Structures are given as C-alpha cells and as structure tokens.
Amino acid sequence: MDMHSKRINLEAEAPQVCKGCEARHGGVCSTLSVLQLIELNRHSTRRKVCAGDEVIGQGEQIAAYSNILNGVVKLSKMMADGRQQIVGLQFAPDFMGRPFYKESSLTAEAATDAEICAFPRAVIDRIVAEAPDFEHKLHTQSLKELDEARDWMLTLGRKTAQEKVASFLYLIATHINPLEKFSKAFDLPLSRADIADFLGLTIETVSRQMTKLRKEGVIVIENNRHVVVPDSHRLKDAAGVD
C-alpha cells in the first residue's frame with residue numbers, strides 16, 4: 001500500500017464524532033494526527049452544560065480540559081471580599097484550561113446552554129509532550145487571548161459608553177458562530193446585568209446605549225435579547241474598531 005492510500009485509510013478511521021467537529025478543523029485538535037485523535041477520543045466525554053452551570057470553579061483542582069463545541073462560556077474572577085468580575089468570554093472551538101496548571105485561577109460558567117468535549121488532564125499533558133504542533137496551537141490560542149485582553153483593556157479604559165456597548169455587540173457578532181466571520185443575527189449570551197459587569201457600566205447605562213444604537217439603526221432588537229445587525233460596518237464604526 002502506498003503512502004497516499006495509507007493516509008486516506010487513516011483519515012477514514014478517524015472517529016466519526018470528530019469529523020464534523022469545529023474543534024477538529026479550527027481548534028487545537030486540528031493539529032493532531034488521526035492516531036492521536038483516536039487515542040484522545042477514547043478518553044473524551046461529550047456533555048451538555050445548561051446556562052448558569054459551572055464548568056470549573058476558581059481554586060478547584062484541574063482534573064480535565066475541554067473544547068467548547070457550541071455555546072458561550074463566561075470566565076470570572078472572585079475577589080477576596082466576595083465581589084465577582086467577568087473577565088472574558090470563550091466560544092467554540094476554544095480550548096478551556098491551561099496545561100500543567102494544578103488549579104483553576106478562574107471560574108468558568110456556561111453563559112448559554114453549551115456543549116463541551118472534556119479530556120482527562122493526564123491525557124492532554126501527555127499529548128502536549130508528544131506533539132509539538134498541539135503545544136504550539138495551545139500557545140497560539142493563549143497569545144490570541146492575551147491580545148484580546150489587551151484590546152478589551154482599551155475598550156474599558158478609553159472608550160465611551162456607547163463604544164463599549166457596541167464593542168460588546170461586535171465581539172459577539174464576530175465570535176458567536178465559528179463558521180461565520182460576522183453573524184448578522186444572534187441572541188445576547190449575557191443578561192443586561194452581566195453585560196454591565198463585563199463593561200464596567202451600570203445596567204441603566206447599558207439599556208440606554210442599546211436603545212440609542214437601536215434608534216440610530218445600528219441594531220434591531222427583537223424579544224429583548226435577539227439582535228439583528230443590518231450593516232456590519234456601521235456597528236464596527238460605532239464600536240471604534242480599526
């Protein structure tokens with residue numbers, strides 16, 4: 001059997017559940033060989049997480065990592081006095097967790113109904129050691145998250161209230177569906193209270209700015225949480241995004 005035929009046969013042997021998975025094609029699993037994917041699949045567990053359910057809590061021992069298959073996960077940090085701050089959002093096909101860390105520094109909670117594919121920590125740590133491309137992909141995602149965190153610092157520190165709200169909507173539109181660069185219609189994954197927490201605004205300010213964006217025709221709001229964006233460029237301009 002020639003090498004080309006052998007490769008085709010191996011691809012055919014890839015787990016069926018992985019073939020249509022966005023994480024396989026766009027996430028960290030895209031770097032794995034078929035044999036590595038088969039090995040990982042043997043230990044993986046797919047499960048649904050209802051909105052509001054915790055995936056892992058701050059300070060908990062890390063027993064597993066996960067790929068987000070669909071839905072939105074919010075990351076938050078608890079302060080010593082009990083106050084909590086939303087510090088980030090993760091979307092499909094993001095990888096949740098930091099290899100070789102013993103405990104979680106954040107709380108990860110499903111912001112919407114979500115589905116994740118979980119892997120034992122020991123299996124991932126072994127694959128990281130064996131597969132440089134996999135480690136590189138994880139490193140690339142970490143750098144991407146760092147860049148996004150820096151951009152969000154600019155949003156929180158320098159932008160107006162309207163720009164902050166528009167930036168949040170632009171973030172959702174560009175991340176909510178991994179198959180689209182920009183989703184012109186989506187449901188808000190966070191409540192008004194959570195949006196306010198994420199943006200460092202009051203609930204009243206968030207509501208006022210949503211109303212203003214609606215009156216200016218930048219967005220259309222249906223049933224309070226469903227947002228339609230008629231023109232992506234107008235939302236991008238409202239957000240002050242380069």
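Tutor: Contact here means heavy atoms within 4.5 Å. Keep in mind that this is a predicted model.

Student: OK, which residues of α5 do Glu39, Leu40 and His43 in α4 meet?
Tutor: Start with the two elements: α4 covers residues 34-43 and α5 covers residues 121-130. On the α4 side, the contact is made by Glu39, Leu40 and His43. Their partners in α5 are Val123, Ile124, Arg126 and Ile127.

Student: Are α4 and α5 roughly parallel or antiparallel to each other?
Tutor: Their axes are 10 Å apart and the packing angle is about 165 degrees. Angles over 145 count as roughly antiparallel. The crossing of α4 past α5 is left-handed. So, going by the angle, α4 and α5 are roughly antiparallel.

Student: What about α7 and α8, at what angle do they pack?
Tutor: Helix α7 spans residues 161-175, and helix α8 spans residues 192-199. With the axes 10 Å apart, the two helices are roughly perpendicular. The range for that label is 65 to 115 degrees, and the angle here is about 110 degrees.

Student: Which residues in α8 do Lys164, Val165, Phe168 and Leu171 in α7 meet?
Tutor: By class, this contact of α7 with α8 has six nonpolar, no polar and one charged residues. Lys counts as charged, and Lys164 sits on the α7 side. Across from α7, the α8 residues are Ile195, Phe198 and Leu199.

Student: Now the rings: are Trp152 and Phe198 stacked or edge-to-face?
Tutor: The whole structure has four aromatic pairs. In this one the ring centres are 4.8 Å apart and the planes are at 20 degrees. Planes under 30 degrees apart count as stacked, so the Trp152 and Phe198 pair is stacked.

Student: Where does Phe182 lie, the partner of Tyr170?
Tutor: Tyr170 and Phe182 make a tilted pair, 5.9 Å centre to centre with 50 degrees between the planes. Both are buried. Tyr170 is in helix α7, so the pair ties together parts 12 residues apart in sequence, with Phe182 in the loop between α7 and β9.

Note on methods:
Residues numbered from 1 in each chain as written. Predicted model: local features only at pLDDT ≥ 70, side-chain atom pairs only at ≥ 80, totals over all residues. Heavy atoms only, no water. Axes fitted to C-alpha atoms, helices over the stretch in contact; angles between N-to-C directions. Helix = DSSP H or I, 4+ residues; strand = E, 2+ residues; numbered from the N terminus. Parallel < 35°, antiparallel > 145°, perpendicular 65-115°, else oblique. Phe/Tyr/Trp six-rings, centres within 6.5 Å; stacked < 30°, edge-to-face > 60°. Buried < 20%, exposed > 50% of the residue type's maximum accessible area, 1.4 Å probe, protein only. Left-handed = near helix turned anticlockwise from the far one by under 90°.
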